[in-house]
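Student: Could you walk me through how to read the features of a model like this one, giving the general idea before the particular case?

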Amino acid sequence: MSSIAIVTDSNSGITQAASRELGVFVLPMPFMIDEKTYYEDIDLTQEQFYEKLAAGADICTSQPSPESVMKLWDELLRDHDEIIHIPMSSGLSGSCQSAMMLAEEYDGRVQVVNNQRISVTQRQSCLDAKLLASKGMNAAKIKEVLEADRFNSSIYIMLDTLYYLKKGGRITPAAAAIGTMLKLKPVLQIQGEKLDAFSKARTVSQGKNTMINAVRNDMENRFGGAPDPEKHWISMAYTYNREAGEAFREEVMEAFPGFEIHMDPLSLSVACHIGPGALAVTCSKKLV
């Protein structure tokens, strides 16, 4: 059986400490903040990021440099036969396409997976890749399986504020003003490549129910029937407010009894566009 290293980026929510526990290698995502470069979970913590965001800092997302990617690959290939590299969704960053171009120099030993995942769903893909490798699949076959499964996952995110969507030009100032006045809680979705609007809620409770119902509908109509811990994954994420995330997790566990629900802070690459106070729930179909 060939030795396969699993590589991802910090958009997966896997910290450097967790990466060692999971046996996954994590590239830190770079951020330009007021023209200075920081690296997620290296010299930029979640708390520092939100402090800078609240202070109105100019924050731009970036992607790992080709040098950093190839340096890690070269090091891993000294002790491993192949690499599975799982970056964030190609629809949300150019890092996937860049990695695919770099992999052309490695004669098939590096397989870059473009399966449209981010945050906790990207993390799950890494765990799926490890499981498939343990069953004897080579890197090319693992890539094939993961990419064939790319649309069997959904993310729903309820925002606490419209300020950051307005700041990023994703909605007009007038729409943001009206939404704020009406105290709307937008629910966004990530299906495949895009972050899109899903619905508008008038209250936090209504927004939570909207997401729970959307997850249930996806399981029943897209992912093989009634919610079943043997067939489906449910995971959750939040921005900055872990207490609110934990409270919502209790509600989701009540709605879906029997599920073990993993929760992480939401990827900072997404958080910089939606701000603090967001809550997210995801569902996906189990591969094996």
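Student: Which strands form a hairpin with two residues between them?

Tutor: Strands of a sheet pair through backbone hydrogen bonds, either parallel or antiparallel. Here strand 3 and strand 4 form the hairpin, and Asp-34 in the turn has a positive phi of about 50 degrees. Helices and strands are DSSP runs numbered from the N terminus, a helix (H or I) having at least four residues and a strand (E) at least two, while two strands pair if DSSP finds at least two bridges between them. This is a predicted model, in which local features need pLDDT of at least 70 and side-chain atom pairs count only at pLDDT 80 or more, whereas totals for chains, interfaces and linings use all residues. Residues are numbered from 1 along each chain as its sequence is written, and side-chain values use heavy atoms, with hydrogens and water left out.

Student: How many bridges join strand 3 and strand 4, and what else pairs with strand 3?

Tutor: Strand 3 (residues 30-33) and strand 4 (residues 36-39) are antiparallel and share four bridges, with Ile-33 opposite Lys-36. Strand 3 also pairs in the antiparallel sense with strand 5 (residues 59-61), over three bridges, where Met-32 has Cys-60 as its bridge partner.

Student: What is the strand order in the open sheet of six strands?

Tutor: The order is 10-9-8-13-11-12, and the pairing is mixed. Strand 10 (194-201) and strand 12 are the edge strands, each pairing on one side only. On average, neighbouring strands of this sheet are turned by 20 degrees against each other, direction ignored; axes are lines fitted to C-alpha atoms, for helices over the stretch in contact, and angles run from 0 to 180 degrees between N-to-C directions. Within the sheet, strand 8 (residues 153-158) and strand 9 (residues 185-191) are antiparallel over four bridges, and Ile-155 is bridged to Ile-190 in strand 9.

Student: Which strands does helix 9 lie across?

Tutor: Helix 9 (residues 204-221) lies across strands 8, 9, 10, 11 (232-238) and 13 (279-285), and runs at about 175 degrees to strand 8. Contact means heavy atoms within 4.5 Å.

Student: How should I read aromatic pairs, and how many are there by this rule?

Tutor: A pair of aromatic rings is described by the distance of the centres and the angle of the planes. Rings of Phe, Tyr and Trp (its six-membered ring) pair if their centres lie within 6.5 Å, planes under 30 degrees apart counting as stacked, over 60 as edge-to-face and the rest as tilted. The count comes to six aromatic pairs. One of them is Phe-49 with Tyr-50, edge-to-face at 5.1 Å centre to centre with 85 degrees between the planes. The rings of Phe-256 and Phe-259 have centres 6.1 Å apart and planes at 80 degrees, so this pair is edge-to-face. Ring pairs also link Phe-31, Phe-49, Tyr-50 and Tyr-240 into a cluster.

Student: Is Ser-267 buried or exposed, and what does its side chain reach?

Tutor: Buried means under 20% relative accessible area and exposed over 50%, with partly exposed in between (1.4 Å probe, protein chains only). At 1% relative accessibility, Ser-267 therefore counts as buried. Ser-267 is found in the loop between strand 12 (262-265) and helix 11 (268-274), and its side chain reaches the backbone nitrogen of Ser-269 at 3.1 Å. Leaving aside neighbours within four places in sequence, Ser-267 is in contact with Asn-11, Ile-118 and Ser-119.

How values were computed. Polar contact = N/O pair within 3.5 Å; in protein donor to acceptor, adjacent residues only side chain to side chain.
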